[in-house]
Amino acid sequence: MTSNARNAVALVSGGLDSMVSAAHAREAGFALFALTIDYGQRHRIELEAAARVAAALGAVRHIVLPLDLTAFGGSALTADIDVPKSGVAAEDEVPVTYVPARNTIFLSLALGWAEAAGARDLFIGVNALDYSGYPDCRPDFIAAFEHVASLGTKAGAEGDRFRIHAPLQHMTKADIAKEAARLGLDAGISWSCYDPTPRGEHCGFCDSCRLRAKGFEEAGLADPTRYAARP
């Protein structure tokens, strides 16, 4: 398929970061193709948030793609392993909530849809500052995958290169919260918690909840999140 320079595939998990990243694609004038992966995650409530986000951003199409990574396990999000609640992991520690090769897998799927849809731009909401220590959020990984995308596709082989956009790469969580406000987004429709309560609240203690709360607090913005408790 020939490329359409105004189409972009955005990975939309339902979280705040992916919502802001996809909103950047919209702001840049791209027609938004939203991709959500149902990988058997513990926090399945985020799939509902992803549908809300895709609708709010006016996605041309939203695909929820099933890919059961619980068959592999190896993470507190895909196996019967407790989600840590004692605080954000140290910078040199990869926490047990890391899903093996998740962003490599997700970007590969987004790349496949992009090539089929004639899109050459992919958006992902990774962040290398206030994050949980995942190696697949680092700038060198994103740059390497962009290179792989052009090496391993028909479009790339024909000189029609792909671009991987990570607009939040060097933002703090406070920056991201402010960016959501600047873009006029309702942060309350997004979901961050790894271990939601039975009542559909953020637990307040997992890494993701702590980082989210810290971001809104440092940004001086009201936090629209419903937490079961706060540390």
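How many aromatic pairs does a search of the whole structure find? The search finds five, where rings of Phe, Tyr and Trp (its six-membered ring) pair if their centres lie within 6.5 Å, and planes under 30 degrees apart count as stacked, over 60 as edge-to-face and the rest as tilted. This is a predicted model, in which local features need pLDDT of at least 70, side-chain atom pairs count only at pLDDT 80 or more, and totals for chains, interfaces and linings use all residues. Residues are numbered from 1 along each chain as its sequence is written, and side-chain values use heavy atoms, leaving out hydrogens and water.

Here are two of the pairs:

| Pair | Geometry | Centre to centre | Angle between planes |
|---|---|---|---|
| Phe30 and Phe123 | edge-to-face | 5.6 Å | 65 degrees |
| Tyr98 and Tyr134 | tilted | 6.2 Å | 40 degrees |

Let's start with the Phe pair. Phe30 sits in the loop between helix H1 (16-27) and strand S2 (31-38), and Phe123 in strand S4 (residues 121-123), 93 residues apart. Helices (H or I, at least four residues) and strands (E, at least two) are DSSP runs, numbered from the N terminus. Phe30 is buried at 12% relative accessible area, and Phe123 is buried at 5%; buried means under 20%, exposed over 50% and partly exposed in between (1.4 Å probe, protein chains only).

Now the Tyr pair. Tyr98 lies in the loop between strand S3 (61-66) and helix H3 (102-117) and Tyr134 in the loop between S4 and helix H4 (139-151), so the pair ties together parts 36 residues apart in sequence. Tyr98 is partly exposed at 22%, while Tyr134 is buried at 6%.

Charges come next. The charged end of Arg6 sits over the ring of Phe30, 4.6 Å from its centre (NZ of Lys or CZ of Arg within 6 Å of the ring centre and within 35 degrees of the ring normal). Arg230 lies over the face of Tyr227, 4.4 Å from the ring centre.
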